Amino acid sequence: MRQLILLLKDSDADVVKSAAYVLGSIGAEAKTAVRQLIPLLKNPDAGVRSRAADALGSIGAEDKTAVSQLIPLLIPLLKDPDADVRKTAVSTLWRISAEPKTVVPGLRDLLEDPVADVRESAGYALAKIGPKAKTAVSELIPLLEDSNEGVCSSAAEAGFYRCRS
């Protein structure tokens, strides 16, 4: 594990992404890597940011102390310029079962994202949160007519509606 953690400091972004991926695959047993993964959330390479967020979610999902520390680090990624980073932040937040009152506002904003995959992920995250995400229902209704089937389905699931296609 120590060798993988050292690879997180490599100058080659592909090496860093691979190391983060493997650490995330290990899960909670890789918790010693958390301190080295956190700074990668601000890496200039979008792929590194995305892999780091994913790995942190995999490692921290089973550790409630880690979850409370991860949430404030992941919320800013919901506004990342890269769509894959935003999508990964969404999936990581729902995987770690983040507190709804903390994440629902950011997820609501993503329902208007220009990228369909991001809107879809936000819709499914709100669906997973369930009734505690009821403040987002009014933003979900227009998505029932979204031209992207996945977006429409996620909105329907989150709001317990049917697509209008």
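The conversation below walks through some helix contacts and salt bridges in a predicted model.

User: Why are H2 and H4 called roughly parallel?

Analyst: Let's start with the angle: the axes of helix H2 (residues 13–26) and helix H4 (residues 46–60) cross at roughly 15 degrees. Angles under 35 degrees count as roughly parallel, and H2 and H4 are therefore given that description. Their axes come within 8 Å, and the crossing is left-handed.

User: Which residues make the contact of H2 with H4?

Analyst: On the H2 side you will find Ala 13, Val 16, Lys 17, Ala 20, Tyr 21, Leu 23 and Gly 24. H4 brings Gly 47, Val 48, Arg 51, Ala 52, Ala 55, Ser 58 and Ile 59. Sorted by kind, the residues of this contact are nine nonpolar, three polar and two charged.

User: What makes Asp 80 and Arg 49 a salt bridge?

Analyst: Good one to check by eye. A salt bridge needs a side-chain nitrogen of Lys or Arg within 4 Å of a carboxyl oxygen of Asp or Glu. For Asp 80 and Arg 49 the N to O distance is 2.8 Å, so the pair meets that condition. Asp 80 sits in the loop between helix H5 (64–74) and helix H6 (83–95), while Arg 49 belongs to helix H4, so the bridge ties together parts that are 31 residues apart in sequence.

User: How do you know whether Asp 80 and Arg 49 are buried or exposed?

Analyst: Compare their accessibility with the cut-off: buried means under 20% relative accessible area. Asp 80 has 8%, so it counts as buried. Arg 49 has 9%, so Arg 49 counts as buried too.

User: How many salt bridges does the structure hold?

Analyst: There are seven. One of them joins Arg 95 and Asp 54, with the closest N and O atoms 2.8 Å apart. Arg 95 is in helix H6 and Asp 54 in helix H4, so this pair ties together parts 41 residues apart in sequence.

User: What makes Asp 146 and Arg 119 a salt bridge, and where do they lie?

Analyst: Their closest N and O atoms are 3.1 Å apart, which is within the 4 Å limit. Asp 146 is in the loop between helix H9 (137–140) and helix H10 (149–159), and Arg 119 is in helix H8 (residues 116–129), 27 residues apart. Asp 146 has a relative accessible area of 18%, under the 20% limit, so it is buried. Arg 119, at 12%, counts as buried by that cut-off.

User: Which residues of helix H7 are buried, and what do they pack against?

Analyst: In helix H7 (residues 100–110), the buried residues are Pro 100, Val 103, Val 104, Gly 106, Leu 107 and Leu 110. They pack against H6 and H8.

Notes: Residues are numbered from 1 along each chain as its sequence is written. This is a predicted model: local features need pLDDT of at least 70, side-chain atom pairs count only at pLDDT 80 or more; totals for chains, interfaces and linings use all residues. Side-chain values use heavy atoms; hydrogens and water are left out. Axes are lines fitted to C-alpha atoms, for helices over the stretch in contact, and angles run from 0 to 180 degrees between N-to-C directions. Helices (H or I, at least four residues) and strands (E, at least two) are DSSP runs, numbered from the N terminus. Angles under 35 degrees count as roughly parallel, over 145 as roughly antiparallel, 65 to 115 as roughly perpendicular and the rest as oblique. A crossing is left-handed if the near helix is turned anticlockwise from the far one by less than a right angle, and right-handed if clockwise. Contact means heavy atoms within 4.5 Å. Ala, Val, Leu, Ile, Met, Phe, Trp, Tyr, Cys and Pro count as nonpolar, Asp, Glu, Lys and Arg as charged, and the others, Gly among them, as polar. Buried means under 20% relative accessible area, exposed over 50%, partly exposed in between (1.4 Å probe, protein chains only).
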